[in-house]
Amino acid sequence: MFITAYKFVSFEKSKSLGILTAIVISIYLIGIELGMFFYLSDLIRGIVRNANPDYSQIFVVEKQTTNVNQLSPFDTRWVNQLRSVQGVDDTHGFVVTNVSVKFPNGKDAPAVIVGSDYPVMAAGPHAAQIISGSIHDFASPGIISADFYDSKTFGYTTEQGTSLEINGKAATIGITTKKARGFSTPLLYSTTSKARYYSGLSDYMVSGVIVTVKDPSKIEQVITHINRMTPDLQAWRSEKLGFTSIVNVMTANNMGMSFATLIIFGIISGFFIIGLTMYSVTYDRLKDYGTLKAIGASSRYITRLVMAQSVIYAVIGFSVSLLLLVITKMGMAKAGLIIALSPPFLLFLFMTALLISVGSSYFSIRKLKKVEPSSVFR
């Protein structure tokens, strides 16, 4: 079946190239747009995503908060009060506040400093994100962490040992991370006391509380208890707060609509371009299909033959698209734009290529069902 289908594909090289080009462009466009969407989503939920997963099962923030990047401070006494809730194993207050950073070359930039208590460092960064230095370096005076990919944002190298000023106070990058980034501004991590020192936030305020619940079956129960006893606060599962933050940001500035529109455009345009080109190829080969029917091929066989051609187009087109995506990923990584080509993501792209290619063969199949064997002799 596939050998015969390949022969049909190779008969019309120019039109087959047109079909493959449409598939490549569609899948590449969809892949880039989805890759950028997931990348931005990770940045938006960065404060949640960078927290230590061993401790950060629940986040407690101000009631009106639906975006983790916009936290309002509240009384630090809630850190101890929440520890008394049944099912809670521990609580960790953390600080998130805006600061101004200045480097030795005179360049300054906005940043967000995130502080949590040493040695747990519940708000992050976690060990898997650290590429130089260690968690224990946070115990030293003036030590903060900065992300490797934020060098271009700052306009200065964020390597270990770099000196800088935060709100006019001396600090040193003692820990370098990778992928511990924020959405709108770079994230600097440190201990709670140093975050308060650099930002000027009161010792009696925290930006949120990370609640540790080691038993997964108790998480929802703990969230319910916290929300009942704290009318001005809201407890969230960490992943739910991250998702809500993504929805909040994407809908506030129509970014989500832009991504969705481009992806839908890629699918629809590919579907019709491929469909019409395949119809043209089929029309040119009506006598060949008529011959097959004349020698006994059933309509079902003809349908399977056309679909086999579609699968061949999809496999080749996806392979070329994957190569282009890998090259693009490598180029964008140098600029700090990390597109993850995970197996589930690639499987989705391949299934999309099959859907576009096989689905667009409908026009050809419908035409061939009307072909009579006698058409060979006309």
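Trainee: In which sense do strand β1 and β12 pair, and over how many bridges?

Mentor: Please note at the outset that this is a predicted model, in which local features need pLDDT of at least 70 and side-chain atom pairs count only at pLDDT 80 or more, whereas totals for chains, interfaces and linings use all residues. Residues are numbered from 1 along each chain as its sequence is written, and side-chain values use heavy atoms, with hydrogens and water left out. Strands are DSSP runs of E of at least two residues, and helices runs of H or I of at least four, numbered from the N terminus; two strands pair if DSSP finds at least two bridges between them. Here β1 (residues 58-62) and β12 pair in the antiparallel sense over five bridges. Phenylalanine 59 stands opposite tryptophan 236 in β12.

Trainee: Is strand β12 mostly covered or uncovered, and how many of its residues are buried?

Mentor: Buried means under 20% relative accessible area, exposed over 50%, and partly exposed in between, with a 1.4 Å probe and protein chains only. Strand β12 (residues 233-237) is mostly covered, with four of its five residues buried.

Trainee: How is a pair of aromatic rings described?

Mentor: One gives the distance of the centres and the angle of the planes. Rings of Phe, Tyr and Trp (its six-membered ring) pair if their centres lie within 6.5 Å; planes under 30 degrees apart count as stacked, over 60 as edge-to-face and the rest as tilted. The whole structure contains nine aromatic pairs. In one of them, phenylalanine 37 and phenylalanine 38 have ring centres 5.7 Å apart and planes at 65°, so the pair is edge-to-face. Phenylalanine 103 and tyrosine 156, by contrast, form a stacked pair, 5.2 Å centre to centre with 25° between the planes.

Trainee: Which parts does the pair of phenylalanine 103 and tyrosine 156 tie together?

Mentor: Phenylalanine 103 lies in the loop between β3 and β4, and tyrosine 156 in the loop between α5 (151-154) and β7 (163-166), so the pair ties together parts that are 53 residues apart in sequence. Phenylalanine 103 is buried at 4% relative accessibility, while tyrosine 156 is partly exposed at 26%.

Trainee: Over which ring does the charged end of lysine 169 sit?

Mentor: A charge sits over a ring if NZ of Lys or CZ of Arg is within 6 Å of the ring centre and within 35 degrees of the ring normal. The charged end of lysine 169 sits over the ring of tyrosine 197, 4.4 Å from its centre. Likewise, that of lysine 178 sits over the ring of phenylalanine 148, 5.1 Å from its centre.
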